[in-house]
Amino acid sequence: MTTLRISYRLAASALLGLAAAGAWAQAWPSKPVRIVVGFSAGGPTDVVARAFAEHASRALGQPVIVDNKPGANTILAAEAVASAPADGYTLLLAATNHTMIPALYSARVKFDAVRSFAPICTLAVSPTVLVTGPAMTAKTLSAFMQQVREAPGKRSYGTPGTGSSGHFASEQFLRMTGLSMNHIPYKGAAQVVTDVMGGQIDGSFATLGSVLPQVQAGKLTALAVASPRRSALLPGVPTFAEAGVKGYSADAWYGLLAPAGTPTAVLQALEKVAGQFTEQPTTVAKLQGLGMTPQHSCSEAFGADMDRDAKAYTRLARELDLKAE
């Protein structure tokens with residue numbers, strides 16, 4: 001009899017807990033939701049965040065505010081969200097470089113880039129594209145590789161900085177192909193593009209959105225796109241696989257994260273809003289104009305991708321002896 005009473009009490013407690021959680025979730029959101037971005041206003045991550053915030057405000061019936069918190073290669077923003085209450089009112093709009101934090105800053109950060117967060121959904125993806133300027137005469141990937149092979153260690157590539165997504169993408173390509181190039185780090189993507197166009201450096205593995213206008217204007221030559229399929233924005237440019245380098249992929253993603261422990265009901269509500277956002281024709285048009293494509297990978301699938309990428313970047317950083325200050 002005693003065992004039965006305990007069982008009934010446990011069952012009743014569980015039901016009460018579920019009812020309370022359900023009622024709480026139905027009340028969410030009852031106040032503005034904040035999306036933290038680790039970059040300054042105007043960049044691709046910020047643009048995605050603001051587009052989503054506008055849609056989410058209408059869908060949720062509460063203001064959704066973008067809070068730019070740049071600094072320390074997005075660590076400040078990630079730390080702010082990881083330490084925030086897990087109540088659905090503070091979110092992070094992260095990009096690919098978020099999964100590079102363990103590779104470069106493991107001794108400095110106070111959070112786990114994967115386990116301190118609950119993955120909601122990716123919202124957009126932008127492929128990496130290899131572009132060259134007047135310093136290279138190659139018009140195909142195979143010709144580019146031949147020119148690099150004929151001058152080992154003399155050709156150069158530019159990136160927005162050591163340990164950036166462009167740096168990792170470049171080193172992955174060089175290791176897969178056995179080629180050697182000099183890395184020229186900059187303090188941002190804009191100057192890299194300028195110097196490739198000016199012939200000061202030979203090329204760059206850049207996100208499509210950062211070079212699309214220059215490619216379309218004929219100021220840069222796009223040799224290959226690091227995606228499983230060709231980009232609709234550059235249909236005449238082959239993928240790396242089509243051009244002879246199979247297995248190379250370097251898409252840049254933009255996705256929504258919450259603090260670990262955020263209620264499942266809230267995560268599911270946000271996942272629904274994210275799905276609606278990526279399916280809207282206005283979203284598709286806006287993102288494509290920035291060299292991006294809407295993408296909707298959620299929950300466990302998104303988390304598994306983050307975990308895989310973080311481990312891959314950590315291995316590569318160890319092999320290259322990369323450490324960020």
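This is a predicted model: local features need pLDDT of at least 70, side-chain atom pairs count only at pLDDT 80 or more; totals for chains, interfaces and linings use all residues.

Reader: Okay, what kind of aromatic pair do F173 and Y248 form?

Author: The thing to read is the angle between the ring planes, where over 60 degrees counts as edge-to-face. For F173 and Y248 the planes are at 65 degrees, with 5.8 Å centre to centre, so the pair is edge-to-face.

Reader: How many aromatic pairs turn up in the whole structure?

Author: A search of the whole structure gives 11 aromatic pairs. In one of them, F173 and F240, the ring centres are 5.7 Å apart and the planes sit at 65 degrees, so that pair is edge-to-face. Again distant parts of the chain are linked: F173 belongs to helix 6 (residues 165-177), while F240 is in the loop between strand 9 (221-225) and strand 10 (252-259), 67 residues apart. F173 and F240 are both buried.

Reader: Which residues do ring pairs link into a cluster with F173?

Author: The cluster is made of F173, F205, F240 and Y248.

Reader: And where does K31 lie relative to the ring of Y89?

Author: For a charge and a ring, look at whether the charge is over the face. K31 lies over the face of Y89, 4.7 Å from the ring centre.

Reader: What is F277 in contact with, leaving aside neighbours within four places in sequence?

Author: That list is V48, A51, F52, H55, L123 and T283. For another angle on F277, take G244: 33 residues away in sequence, and 36 Å away in space, C-alpha to C-alpha.

Reader: Now the empty spaces. How does anyone find those?

Author: The general idea is that rolling a probe the size of a water molecule over the atoms shows where empty space is left. In this structure there is one cavity of 30 Å³ or more. The largest cavity has a volume of about 60 Å³.

Reader: Which residues line the largest cavity?

Author: The lining is G38, F39, T74, A77, A78, L92, L93, A94, A95, N97 and H98. Helix 3 (75-82) and strand 3 (90-95) each supply at least two residues of it, and strand 3 gives the most, with four. By class, the lining of the largest cavity has seven nonpolar, four polar and no charged residues.

Reader: How much space lies in the second largest pocket?

Author: About 200 Å³. It has 14 lining residues, and the closest to its centre are A103, L104, S106, L322 and K323. The elements giving two or more residues to this lining are helix 4 (101-105) and helix 11 (299-320). Helix 4 provides the largest share, four residues.

Reader: And what does the lining of the second largest pocket look like by class?

Author: There you count eight nonpolar, two polar and four charged residues. The lining of the largest cavity, by contrast, has no charged residues.

Terms used: Residues are numbered from 1 along each chain as its sequence is written. Side-chain values use heavy atoms; hydrogens and water are left out. Rings of Phe, Tyr and Trp (its six-membered ring) pair if their centres lie within 6.5 Å; planes under 30 degrees apart count as stacked, over 60 as edge-to-face and the rest as tilted. Buried means under 20% relative accessible area, exposed over 50%, partly exposed in between (1.4 Å probe, protein chains only). A charge sits over a ring if NZ of Lys or CZ of Arg is within 6 Å of the ring centre and within 35 degrees of the ring normal. Contact means heavy atoms within 4.5 Å. On a 1 Å grid over the protein atoms alone, a cavity is a set of points where a 1.4 Å probe fits but cannot get out, and a pocket is an open set with protein on both sides within 12 Å along at least five of seven lines; lining residues have an atom within 4 Å of a point. Grid points are joined across faces, edges and corners, and a volume is the space filled by probe spheres set on the points. Ala, Val, Leu, Ile, Met, Phe, Trp, Tyr, Cys and Pro count as nonpolar, Asp, Glu, Lys and Arg as charged, and the others, Gly among them, as polar.
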